[in-house]
Amino acid sequence: MNKTPVCTVQKAGLFTTIQDTGRTGYQHLGVPASGAMDMYALQMGNILCGNHLSAAGLELTLMGPTLTFHEETVIAVTGGNLQPEVNKEPIPMWATRKVYPGDELAFNGPVHGARAYFCIAGGLEVPIVLGSRSTYTKAGIGGMEGRELESGDTLYRGTVSTAPRPFERRLPPASIPVYEKQQMLRVVAGPEFDKLTAEAGKRLLREAYVVTQEADRMGIRLQGPEVSLHRTGDIISDGVAFGTIQLASDGQPMILMADRQTTGGYARVLNVISADLSKAAQLQPNASVVFEQVTLEEARIAFRQMHRSLEDVYFAVNNKKWR
C-alpha cells in the first residue's frame, strides 16, 4: 500500500467516516453495501480532484472535523454546505482548493444539507476490506479500523497519478444539486404497495412527512399521517435496497439507507428512485418529505440524466475543456 501522511484530525466532528462507492457482492451474506450516502457528491468531488470515481473520501455529518495538513495537495468539499473554511477563511463548495503544510480545514455547521464530502487528490488510503474502503461501524470493518474518526488520527492519501494542477476547478452551477428543507422524492411502487388500502396509498403519495431525530446511515424514520394496510404489514423477510420505504408496525414509513440491513420483515411499499437517493441522504431532522410516484421508465431516464452529468464533468476535466 503506497500511502503518504497528508493530515491529522484535530477534532473529529459529529460522525465522520471514510467512505467510497461501496462494498458490492456480499449482501447474500448479510453484509450491507455501505458507501457514501450521497454518491453523486462523493463522485463529483473525486472528479474535481482528478481521482477515480470510486476513490475514498470523508463523509461529514452536520458538524465536520478540523484537519491540519502536512503537505501541499489539492482538496474539494462537496455535498451539503457545512460552511468549510481554510485558516478561518471561507472556501467555495464544489470546487478545488490548494492547501499547504500547516493549513487548517474546519467547518461551521450546516446551511443546507446534512452531509458533506471531503475529497483529496490521490484519495484516502486505508486497507481494502471485502473490496471496499467504506466504513461499516456496526460490524467494525473498513475505513479507520471500522470506526468513525477520532481526534489524533492521521489520514493518508494514495498515489496521485498526475501532479495536482494549481488552477481552480469549479463545478458548473447546472451540475450542483439543491438540497431543500421541504424535499420532494420520486418513488416507484414497492412489492407490497398493493397491500395498502386505497385511501392509505393516496395519503402516502399526497401528505407531507417529517424527518424524525432517528435519521442515520441505516435509515430515516418519518412521522406523519398513519398509513394502514389491508392486513398485517409483516412479511416473510425478503431483500431490501438503498431507498426501500418500509411501513413500520406503527403505520409510519421509514427510508432504508446505505448501512441498511440486507433483508427486512416490514412491507416494502415504495422505493426512492436512484436519481433521488442523494436528496434523501441530505435530509436533516425536522425536514419535510413528499413522495411523487413515477414510472420505471421515468426512473431510468432520471438515472441516465444523473450519470450524464457526471460524465460531462469527467470528460471536461480530462480533456482540459474546463471553463
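Colleague: Hi! Before we start, what does "buried" mean here?
Modeller: A residue is buried when its relative accessible area is under 20%. Keep in mind that this is a predicted model.

Colleague: Which way does β2 run against β3, parallel or antiparallel?
Modeller: Antiparallel: β2, residues 17-19, is joined to β3 by 3 bridges. Within that pairing, isoleucine 18 has leucine 58 as its bridge partner.

Colleague: And how many bridges link β3 with β10?
Modeller: There are 4, again in the antiparallel sense, with β10 covering residues 112-120. Tyrosine 117 in β10 is the residue opposite glutamate 59.

Colleague: Let's zoom in on threonine 61. Is it buried or exposed?
Modeller: Threonine 61, which lies in β3, has 11% relative accessibility, so it counts as buried.

Colleague: What does threonine 61 touch?
Modeller: Leaving out residues up to four places away in sequence, threonine 61 touches Leu14, Phe15, Ala114 and Arg115. A polar atom of its side chain is also 2.9 Å from the backbone oxygen of phenylalanine 15.

Colleague: Which glycine follows α1?
Modeller: That is glycine 50, and its phi is positive, near 80°.

Terms used. Residues numbered from 1 in each chain as written. Predicted model: local features only at pLDDT ≥ 70, side-chain atom pairs only at ≥ 80, totals over all residues. Heavy atoms only, no water. Pairing = 2+ DSSP bridges. Helix = DSSP H or I, 4+ residues; strand = E, 2+ residues; numbered from the N terminus. Buried < 20%, exposed > 50% of the residue type's maximum accessible area, 1.4 Å probe, protein only. Polar contact = N/O pair within 3.5 Å; in protein donor to acceptor, adjacent residues only side chain to side chain. Contact = heavy atoms within 4.5 Å.
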